[in-house]
Amino acid sequence: MSNWSRGHFRAWTGIALALFLAGPAAAQVKPTPSDATKTWTPDNGNGTFTNPLFNDEFSDPDVIRVGDDFYMTGTTMHVMPGLPVLHSKDLVNWTLLGYAFDRLDMGPEYRFVDGKDAYGNGIWAPAFRYHDGTFYIFSNINGHGTQVFRAKNPAGPWTRNALGATLHDLSVLFDDDGRVFAVYGYGAVHLVELKPDLSGIVEGTDRVIIPEGSAMGEGHHFYKINGKYVVITADYAPVGRMMAARADRIDGPYETVNISSRETMGLGKGWSAPSVRGRPVPEPGDRIDLVEPNPRELGVVPLHQGGIVDLPNGDWWGFSMMDTKAMGRTTFLSPVTWKDGWPFFGLPGNLGRSPRTWIKPATGAGGPPTPTYQRNDSFAGPKLQPVWQWNHVPDDSKWSLRERRGFLRLHSLAAPHFLLARNSLTQRAVAPESIATAVLDASGLKAGDVAGLGLLSIPYSYVAVVRDGAAFRLRFYDLLTNRTIEEPLPGPRVSLRVDGDYETEVARFSYSTDGRTFRPIGGDVRQAFQLKTFQGVRYALFAFNEKGLAAGQADFDDFRLDEPFADRSANIPSGKVVTIRNLADDRPIRTDPHGMLNFARPDSPQAQGPGTRFRIHDRGQGRVAIEAMDGSGFVTVVGEGLPADVRLMKAETKDSLFQWQDMLRHQFMLMSLRTHRYVGLNPATGEPYSADWPGTGPDRKDGTVLVWTEAPPAP
């Protein structure tokens with residue numbers, strides 16, 4: 001059977017089966033619980049979750065509760081469709097209901113017309129609200145002011161009207177007296193009243209309610225809680241943090257405190273390209289200067305830009321975003337502890353810091369872990385998988401799932417280079433590592449066409465097929481180094497692949513002519529985050545004509561995204577005997593004759609002795625007890641967990657329980673359930689272990705991050 005026939009047969013049988021099972025409304029394949037070990041889900045299946053909620057970009061989140069249901073939206077900038085609407089019953093497992101809009105054409109720059117582009121612009125920092133039977137999303141579009149989207153059903157349809165004002169990073173409060181207010185601004189926080197029909201602002205109501213100099217920032221979230229007005233805000237100067245303000249009256253006076261700081265989840269700053277912001281889109285050959293990160297610097301990384309939401313049982317949870325290197329910004333969930341009337345992120349005894357792994361919110365909702373997105377697409381369905389977004393507004397007459405059944409067809413449109421190519425279909429890169437593979441039939445390409453798989457960012461890179469006459473060539477291009485590598489292809493059908501590691505921020509391209517053996521091309525390609533596109537790296541399927549023509553077409557037969565770290569079911573070595581090293585200095589942990597948990601020098605006899613062997617006991621909900629194999633007992637925290645108070649006790653007690661914090665790649669932290677702080681030591685002082693560490697730093701070298709290795713059988 002020919003390639004065309006196989007795709008044709010697969011497409012029609014897939015569509016027929018989908019229509020038979022689901023009727024005429026059948027569309028995309030939805031994620032199922034069985035996909036949970038194939039793509040990232042925060043739900044660990046044992047009553048706990050591990051941050052982030054999504055291991056791909058989801059920035060500027062806002063969350064609301066309506067009855068027993070939670071809804072979330074976030075920034076999408078210039079990609080289409082935009083403003084995703086997610087639904088959850090437990091704040092951990094989220095499903096994509098749809099988008100607030102499919103297309104938002106605000107001018108020629110949104111269509112790459114006349115050399116214009118909308119990179120770094122679009123729609124951002126939305127405020128999600130529900131009032132009197134209607135869902136609202138308030139968000140700004142650069143140059144077009146604040147927009148109001150509304151719907152009776154969060155799945156849509158949504159309508160839109162302009163507010164007639166520009167309210168930077170606004171949040172909206174429907175007050176008890178029926179009036180509607182918004183806060184906005186950076187530094188100095190403004191308050192303005194909105195007209196009841198949300199058609200504009202009430203003239204003369206704009207005033208500053210929190211003056212500059214109060215440590216407030218932007219990205220506001222506005223609430224009325226127990227009669228008090230609360231504003232939660234984020235700042236990035238000099239480092240990322242979250243602040244809260246409260247007052248008895250909406251006009252103030254407000255007092256402010258810091259409610260979350262220093263929390264990086266052990267992730268550091270990434271490579272950046274600050275010089276591209278405010279400049280025109282770079283062309284091939286333009287110089288791109290990258291800045292190497294300081295691994296210990298906090299920068300804007302720590303949790304910031306988020307708010308809080310309550311559960312029906314009265315518990316509160318916090319949500320926020322964090323800058324996670326080239327992958328972009330993503331969303332984290334934190335328990336909230338109220339103290340002295342302030343909603344601190346974190347647990348009692350460790351306020352301001354959030355656990356990476358913790359017990360799921362007590363919503364009463366059950367069910368297995370379920371991924372948010374179906375990322376793979378065979379292009380056999382009547383619609384694209386909803387995870388896909390177009391780079392700018394597409395020309396819908398120049399792409400199709402119907403012209404060749406079972407294929408995504410992209411017609412080549414004239415463009416000077418990849419960043420200005422119309423109809424580039426994108427989805428977000430997934431951390432910590434993901435491998436994108438696309439199957440391309442390039443037989444429809446014409447002279448000047450370039451079609452393939454790219455990493456859409458600045459700098460960008462791609463692997464593609466080009467055609468000259470009857471010959472097909474493979475092309476690799478990297479904007480950062482301005483390197484082009486071309487190799488001949490025996491035919492038009494090729495599998496294109498990119499392996500992205502978003503912790504080291506290095507990608508590697510490869511290709512295959514038989515679908516099995518992949519040949520690398522281009523070597524290591526540096527990735528970075530930048531504020532020109534204002535988004536993280538995206539995988540992109542594209543076709544454009546660099547000779548200024550509207551020529552041929554590219555047919556993509558399949559797209560697959562593999563995530564090597566998605567399955568975390570074996571990351572806790574339950575029941576195993578392990579040795580444990582400290583990542584900061586590589587010294588093994590050992591039991592101490594004085595009954596303490598101490599360290600051994602790597603070249604000492606103690607490093608090879610039975611005191612360095614520990615059995616990990618599963619105690620449910622991601623909690624472990626750690627038993628020393630030399631017979632000295634269980635690792636137990638006493639007192640306040642100060643040095644010498646991490647002891648070996650013969651009998652296991654509740655103070656012997658630790659919440660395992662999975663850091664991937666055999667790295668972990670141990671949170672004491674007695675102190676809600678972490679087991680660690682200062683490598684420079686020579687002290688024994690304590691359980692009073694608030695958390696790790698961005699480089700993980702402060703003494704709290706540990707590494708386990710399964711121990712060989714005892715002699």
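Which residue in S46 is the bridge partner of Val637? The first point below answers this. The model is predicted.

1. **Two paired strands.** Val646 is the bridge partner of Val637 in S46. Strand S45 covers residues 633-637. Four bridges join S45 to S46, and the two strands run antiparallel. Strand S46 (residues 646-649) has two faces. Val646 and Leu648 make up the covered face. Arg647 and Met649 make up the uncovered one.

2. **Aromatic pairs.** The count of aromatic pairs comes to 25. Take Tyr71 and Phe135. Their ring centres are 5.2 Å apart and their planes stand at 75°, so this pair is edge-to-face. The pair links distant parts of the chain. Tyr71 sits in strand S3 (residues 69-73), while Phe135 sits in strand S8 (residues 134-141). The two residues are 64 residues apart.

3. **Buried or exposed?** Tyr71 has 9% relative accessibility, so Tyr71 counts as buried. Phe135 has 5% relative accessibility and also counts as buried. Tyr130 has a relative accessible area of 35%, so Tyr130 is partly exposed.

4. **A ring cluster.** Look next at Phe418, Tyr460, Tyr462, Tyr477, Phe542 and Phe544. Ring pairs link these residues into a cluster.

5. **Charges over rings.** Two arginines deserve a look. Arg428 lies over the face of Tyr373, at 4.9 Å from the ring centre. Arg497 places its charged end over the ring of Phe518, 3.7 Å from the centre of that ring.

6. **The largest nonpolar core.** In soluble globular proteins, nonpolar side chains tend to be buried together. Here the largest nonpolar core has 45 residues. Leu408 and Phe559 touch the most other members. Strand S39 (residues 553-562) gives the largest share of this core, four residues. A second, separate core has 44 residues, including Phe54, Val63, Tyr678 and Val705.

7. **Around Leu408.** Which residues does Leu408 touch, not counting those up to four places away in sequence? Among them are Phe379, Leu384, Trp399, Ser400 and Leu401. Leu408 also touches Leu425, Leu541, Ala554, Asp555 and Phe556.

8. **Around Arg526.** Arg526 is in strand S37 (residues 519-526). Its relative accessibility is 23%, so Arg526 counts as partly exposed. Leave aside neighbours within four places in sequence. Arg526 is then in contact with Trp271, Leu290, Pro459, Leu480, Thr504, Glu505 and Val506. Two of these contacts can be followed to single atoms. A polar atom of the Arg526 side chain lies 2.9 Å from the backbone oxygen of Thr504. The Arg526 side chain also reaches the backbone oxygen of Glu505, at 3.0 Å.

9. **A separation to check.** Arg526 and Met596 are 70 residues apart along the chain. Their C-alpha atoms are separated by 45 Å.

Note on methods:
Residues numbered from 1 in each chain as written. Predicted model: local features only at pLDDT ≥ 70, side-chain atom pairs only at ≥ 80, totals over all residues. Heavy atoms only, no water. Phe/Tyr/Trp six-rings, centres within 6.5 Å; stacked < 30°, edge-to-face > 60°. Buried < 20%, exposed > 50% of the residue type's maximum accessible area, 1.4 Å probe, protein only. Lys NZ or Arg CZ within 6 Å of the ring centre and 35° of its normal. Core = buried A, V, L, I, M, F, W, Y, C linked by side-chain atoms within 4.5 Å. Contact = heavy atoms within 4.5 Å. Polar contact = N/O pair within 3.5 Å; in protein donor to acceptor, adjacent residues only side chain to side chain. Pairing = 2+ DSSP bridges.
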